[in-house]
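Please look over the sequence and the model below. The paragraphs that follow go from a single residue to the overall fold.

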Amino acid sequence: QVQLVESGGGLVQAGGSLRLSCAASGTIFSINAMGWYRQAPGKQRELVATITSGGLTNYADSVKGRFTISRHNVKNTVYLQMNSLKPKDTAVYYCYANDVLTVVSRYLEIWGQGTLVTFSS
C-alpha cells in the first residue's frame, strides 16, 4: 500500500516562506506526476502545482513567481517552496501522486492527508 506523508505546514506571517515536503512510502517502481493542491475554507480544492517524472512543471496563475515545485524521483518525494506568502494562501495543502506503479498494484491517484498553512496576524 502506498501512502503520501506531508510535512512542513504551519503558521507564517505575510511575506514569509515555507517549504512543504511529501514522501511516498511503499515499494514503488514509478510515479508519473506529483503535485500539490489546496483547499481554503469554504472553497473547492484547487491545483497549486504539478511536476512530471521528467521535470515538466505546471503552476496555478495565483502562485507563479512565488512558489516552486521540485521532485526527487529516487526518494519519491515532492517539495513545494512557497515564498512571498499572502493571507489568501491560507489553506490545507494536499499532496497528490498520479499513476503510481508498485510491486503489487497500480494506483491512478493517491492523496495525502493534508497539511495546514495559516497566517498569524
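Which residues does T102 touch, not counting residues up to four places away in sequence? The contacts are V2, T27, I28, F29 and Y107. This is a predicted model, and the distances and angles here are computed from it. T102 is placed in strand β9. With a relative accessible area of 7%, T102 is buried. A polar atom of the T102 side chain also lies 3.3 Å from the backbone nitrogen of V104.

From there the fold as a whole can be described. The protein has 11 strands and zero helices. Along the sequence the pattern is therefore β-β-β-β-β-β-β-β-β-β-β. The radius of gyration is 14 Å, close to the 14 Å given by the globule rule for 121 residues, so the protein is as compact as a globular protein of that length. Taken along the principal axes, the box filled by the C-alpha atoms is roughly 50 × 25 × 25 Å. Of the 121 residues, 41% count as buried. Among contacts in the protein with a separation of 6 or more, 55% come from residues 24 or more positions apart.

A pair of aromatic rings is described by the distance of the centres and the angle of the planes. The structure holds three aromatic pairs. One of them joins Y37 and Y96, whose ring centres are 5.5 Å apart and whose planes are at 65°, an edge-to-face arrangement. Y37 lies in strand β4, residues 28-39, and Y96 in strand β9, residues 91-102, so this pair ties together parts that are 59 residues apart in sequence. Y96 is buried, at a relative accessible area of 11%.

Y37 also pairs with W111. Here the centres are 5.1 Å apart and the planes are at 70°; because planes over 60 degrees apart count as edge-to-face, this pair falls in that class. W111 belongs to strand β10, residues 106-111, while Y37 is in strand β4, so the pair ties together parts that are 74 residues apart in sequence. Through these ring pairs Y37, Y96 and W111 are linked into a cluster. W111 has a relative accessibility of 29% and counts as partly exposed.

Charged side chains meet rings as well. R45 lies over the face of W111, 4.8 Å from the ring centre. Elsewhere, the charged end of R19 sits over the ring of Y79, at 4.1 Å from its centre.

E46 is partly exposed, with a relative accessible area of 36%, whereas R38 is buried at 5%. R38 lies in strand β4 and D89 in the loop between β8 and β9, so the pair ties together parts that are 51 residues apart in sequence. Both of these residues are buried.

D89 forms a further salt bridge with R66, at 2.7 Å from N to O. R66 lies in the loop between β6, residues 57-59, and β7, and this pair links parts of the chain 23 residues apart. R66 is buried, as is D89.

Most residues other than glycine have a negative phi. N76 is not a glycine, yet has a positive phi of about 55°. N76 is found in the loop between β7 (67-72) and β8 (77-82), and at 13% relative accessibility counts as buried. S84, also not a glycine, has a positive phi of about 50°. S84 is in the loop between β8 and β9. With a relative accessible area of 41%, S84 is partly exposed.

Definitions and conventions:
Residues are numbered from 1 along each chain as its sequence is written. This is a predicted model: local features need pLDDT of at least 70, side-chain atom pairs count only at pLDDT 80 or more; totals for chains, interfaces and linings use all residues. Side-chain values use heavy atoms; hydrogens and water are left out. Rings of Phe, Tyr and Trp (its six-membered ring) pair if their centres lie within 6.5 Å; planes under 30 degrees apart count as stacked, over 60 as edge-to-face and the rest as tilted. Helices (H or I, at least four residues) and strands (E, at least two) are DSSP runs, numbered from the N terminus. Buried means under 20% relative accessible area, exposed over 50%, partly exposed in between (1.4 Å probe, protein chains only). A charge sits over a ring if NZ of Lys or CZ of Arg is within 6 Å of the ring centre and within 35 degrees of the ring normal. A polar contact is a pair of N or O atoms within 3.5 Å; within protein, one must be able to donate a hydrogen and the other to accept it, and residues adjacent in sequence count only if both atoms are side-chain atoms. Contact means heavy atoms within 4.5 Å. A salt bridge is a side-chain nitrogen of Lys or Arg within 4 Å of a carboxyl oxygen of Asp or Glu. The radius of gyration is taken over C-alpha atoms; the globule rule is 2.2 Å times the number of residues to the power 0.38.
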